[in-house]
Amino acid sequence: MNNIDWNKIRGDFPIFATTLNDKKLVYLDNAATSQKPKAVIESINRLYTQYNANIHRGIYKLSEKTTEEYLLSKEKVAKLINANSKRNIVYTKNATESLNMACLLLEKYINEDDEIIVTMMEHHSNMLPWMELAKRKNAYIKYAPLTSDGNIDIEGFYALLTDKTKVIAISHVSNVLGTINPIKELGKAVKDRGGYVVVDGAQAVGHIGIDIQDINPDFYAFSGHKMLGPTGIGVMYVDEEFLNSNDPIFFGGEMVDSVSLDSIEYKELPFKYEAGTQNYEGGIALGIAIDYLENIGMENIQQRNDDLRLLLEEELMKIPNIHIYGNSIRKSSVVSFTIDRIHPHDIASLLDKDNICIRAGNHCAQPLVSSLGVPALARASIHFYNNEEDINSLISSLLSISKLFGHG
Amino acid sequence: MDESMYRQYIIDVYNNMLHKYEMDNADIVKNGINPACGDKLIIYLKVSNGEIKETSFVGDGCLISQVSAELLLKKIKGMGIDEVKRLSIEDMEEVLGIVPSPSRVKCMDLCRKTLVDMVSSIN
């Protein structure tokens, strides 16, 4: 690992200069959304003050500049995940929209009695679209079971495979358990049977290095806002052959080369899948976020997140009557926990008094949280700009809360 | 606002709840749930001559939802049904002695809503 000045990096994020009642911000809800470096914030200002014009259509310099920046951002996305080219990169609103689009694009390949495998740890965004699709097509959902340490039960997964298996919907990293799933291996098993692999990468990109050519999914979805970019921009990586041999699902301006009253000729990839004026502001700022990530280096970020997460887990064990959910050896920077007799909502509310932000609830993964036998979970999730002091603040506040409720 | 939500007496009530148990032979039993946050209550009532005689509850949820149930069910013992039907959110704030933050009002109100629903069909 290179010698990186993490303290200086934290200084790139203006939000950490804010305070609430003289208490500094301890932001540990990075799995919900990440904070933004100055470079990203300024890039949006720069767009609107210096070169804003609609992309693709203008025959003038301003529009050419915006278009160029937009296209460059796609190249950056492709490079970050090691995709073949920007032709694979379709912009969407967020990972949820990407996953819904994947589902709609696959609909015509799903027949009655076909089987869709969804893992038990999926976020609602990679579960509900498939449940609805199965209903429309009279197909079946099979849920891949988990082991007690929060991994996908591999034997249980293989037992689900049949010649009817058409799709696996699987998260790269669980937003509740933090587990990094063996998506390449499980995906291959489904592909070998002629099925499609749809990966929710929302918690992975920007946190761990992604080699999409090695993983080889059909679809891989992620959100800009969880990787230092702005809200409202998401990515759907799609296998190029699939994109070429299918028709888009949204139609309108910008996505066509020529239109007559009885025929449409679509634009080249990926633009035929991007109808109407795109969120080029989001795309361009996402490109700047990727520059920022690449400048630190994904390996360094992953190492930093691992170090902080291990420290967080170690320190949390000092809290009386605490339970941590998700103990996979392959784990990212999400730590879910409960403390006996203290409801997660109370933990989050009480931490908020100290300006410490964590998430509490079912984390849009109700079936998973129910299967863990708890009504809700508290979740602290970190990113590289967090530091040891953040973790110490959390632990010290949790100890006070514990005491308040008569623990230890 | 949170500052006042977690007062010591509220936590003392939470740590020593006298009405949190399953009741045998209750006259009316009803589930209440806040789907958004998952707070759950089951309320048990014994009623005779238009009056609440005995109350209890079980449930899972945040401090505010559970303490609100404990304090409200303590208060309504001996209360006439008609009076229970008229209980309002303002009454809940009085029972609890705090005004919760906007996002927690529904936690405070779960017990009252469920209770009013339970007695609504009793004349």
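This is a predicted model: local features need pLDDT of at least 70, side-chain atom pairs count only at pLDDT 80 or more; totals for chains, interfaces and linings use all residues.
Helices H12 (residues 344–353) and H14 (residues 388–404), both of chain A, pack with their axes 10 Å apart and at an angle of about 120 degrees. The two are therefore oblique to each other, and H12(A) passes H14(A) in a right-handed crossing. On the H12(A) side, the contact comes from A:Ile347, A:Leu350 and A:Leu351, while H14(A) brings in A:Leu394, A:Ser397, A:Leu398, A:Ile401 and A:Leu404. Sorted by class, that makes seven nonpolar residues, one polar and no charged ones.

The largest cavity holds about 40 Å³, and its lining includes A:Asn30, A:Val173, A:Gln203, A:His207 and A:Ser332. Six polar and four nonpolar residues make up this lining, with no charged residues.

About 280 Å³ lies in the largest one, which has 18 lining residues; nearest its centre are A:Ile339, A:Arg341, A:Ile342, A:Pro375 and B:Asp60. Strands S13 (322–325) and S14 (334–339) of chain A, along with strand S3 (51–60) of chain B, each give two or more residues to that lining. Here the classes split into eight nonpolar, six polar and four charged.

The second largest pocket contains about 240 Å³. Of its 13 lining residues, A:Gln366, A:Ser370, A:Pro375, B:Gly38 and B:Lys40 sit nearest the centre. Helix H13 (residues 366–371) of chain A gives the most to this lining, with three residues. By class, the second largest pocket is lined by six nonpolar, five polar and two charged residues.

Methods: Residues are numbered from 1 along each chain as its sequence is written. Chains are lettered from A and ligands numbered from 1 in the order in which they are written. Side-chain values use heavy atoms; hydrogens and water are left out. Axes are lines fitted to C-alpha atoms, for helices over the stretch in contact, and angles run from 0 to 180 degrees between N-to-C directions. Helices (H or I, at least four residues) and strands (E, at least two) are DSSP runs, numbered from the N terminus. Angles under 35 degrees count as roughly parallel, over 145 as roughly antiparallel, 65 to 115 as roughly perpendicular and the rest as oblique. A crossing is left-handed if the near helix is turned anticlockwise from the far one by less than a right angle, and right-handed if clockwise. Contact means heavy atoms within 4.5 Å. Ala, Val, Leu, Ile, Met, Phe, Trp, Tyr, Cys and Pro count as nonpolar, Asp, Glu, Lys and Arg as charged, and the others, Gly among them, as polar. On a 1 Å grid over the protein atoms alone, a cavity is a set of points where a 1.4 Å probe fits but cannot get out, and a pocket is an open set with protein on both sides within 12 Å along at least five of seven lines; lining residues have an atom within 4 Å of a point. Grid points are joined across faces, edges and corners, and a volume is the space filled by probe spheres set on the points.
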